[in-house]
Amino acid sequence: MYKLFGKRLFDIFIVFVAVVCLSPLMIITALLIKIIDPGPIIFKHNRVGNNGELFSFFKFRSMPVTTGNLASDEVGQVKLTWVGKMIRRTNIDELPQLLNILKGDMSIVGPRPPIGSQEELLQARKDNGSLFVRPGLTGLAQVNSFDGMTVSEKAALDGKYVQTITFLNDVKIILNTVLYLFKSPPVY
């Protein structure tokens with residue numbers, strides 16, 4: 001029952017609470033981005049979502065305007081603005097994805113949405129069924145050191161999550177995400 005209806009209602013509830021609580025931070029972040037490197041505040045690009053369909057994925061822009069689309073494991077190869085470094089370290093750059101969740105493109109918890117060129121990951125997710133759920137803002141792989149994992153390790157955790165979607169598991173992943181945010185940030 002949770003998979004069919006409760007998960008979506010939970011997502012909408014969490015988004016509304018988060019927007020109310022985080023809107024001052026989001027406004028300040030948007031202003032800093034605009035002042036430091038004029039251009040769009042939100043970085044939009046295509047990601048692969050539920051059932052392999054593409055959707056526009058939103059993030060606060062952390063890189064110079066001239067930077068193209070990159071997979072998460074290629075981020076270390078580009079220069080970030082000083083605001084970008086700050087919002088990446090604190091994961092504030094992910095907050096615009098609350099709109100993706102509200103639109104129904106994403107969920108709070110699920111496999112992170114890859115870019116279309118990550119063919120190996122997409123095939124592994126297709127094979128284990130994790131391509132057929134809404135991608136998430138956070139997920140089982142993210143709370144288990146996502147950036148240091150191989151594609152097969154990420155996909156295995158994504159598949160494990162899909163087999164165990166429950167309200168309690170989602171709450172546990174959300175709480176682990178909060179704890180993960182207090183760990184030392186990665187160096188970019």
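This is a predicted model: local features need pLDDT of at least 70, side-chain atom pairs count only at pLDDT 80 or more; totals for chains, interfaces and linings use all residues.

1. The largest nonpolar core comprises 29 residues, and F60 and Y161 have the most contacts inside it. At least two residues of this core come from each of α1 (2-36), β2, α2, α3 (97-103), β3 (107-109) and α5 (151-163). The largest share, seven residues, is supplied by α1. In soluble globular proteins, nonpolar side chains tend to be buried together.

2. Leaving aside residues up to four places away in sequence, F60 touches M26, T29, A30, I33, I41, I42, F43, I87, I92, D93, L95 and P96.

3. T81 lies in the loop between β2 (54-60) and α2 (82-90). This residue counts as buried because its relative accessible area is 14%, against a cut-off of under 20%. Its side chain reaches the backbone nitrogen of G84 at 2.8 Å.

4. Beyond four places in sequence, T81 touches I36, D37, S62, M63 and P64. The C-alpha atoms of T81 and P64 are separated by 6.4 Å, although the two residues are 17 apart along the chain.

5. Two cavities of 30 Å³ or more are present.

6. The largest cavity holds about 60 Å³ of space. Its lining consists of 13 residues, with G49, R125, S130, V133 and P135 nearest the centre. Seven of the lining residues are nonpolar, three polar and three charged.

Technical notes:
Residues are numbered from 1 along each chain as its sequence is written. Side-chain values use heavy atoms; hydrogens and water are left out. Helices (H or I, at least four residues) and strands (E, at least two) are DSSP runs, numbered from the N terminus. Buried means under 20% relative accessible area, exposed over 50%, partly exposed in between (1.4 Å probe, protein chains only). Contact means heavy atoms within 4.5 Å. A polar contact is a pair of N or O atoms within 3.5 Å; within protein, one must be able to donate a hydrogen and the other to accept it, and residues adjacent in sequence count only if both atoms are side-chain atoms. A nonpolar core is a set of buried Ala, Val, Leu, Ile, Met, Phe, Trp, Tyr and Cys residues joined through side-chain atoms within 4.5 Å. On a 1 Å grid over the protein atoms alone, a cavity is a set of points where a 1.4 Å probe fits but cannot get out, and a pocket is an open set with protein on both sides within 12 Å along at least five of seven lines; lining residues have an atom within 4 Å of a point. Grid points are joined across faces, edges and corners, and a volume is the space filled by probe spheres set on the points. Ala, Val, Leu, Ile, Met, Phe, Trp, Tyr, Cys and Pro count as nonpolar, Asp, Glu, Lys and Arg as charged, and the others, Gly among them, as polar.
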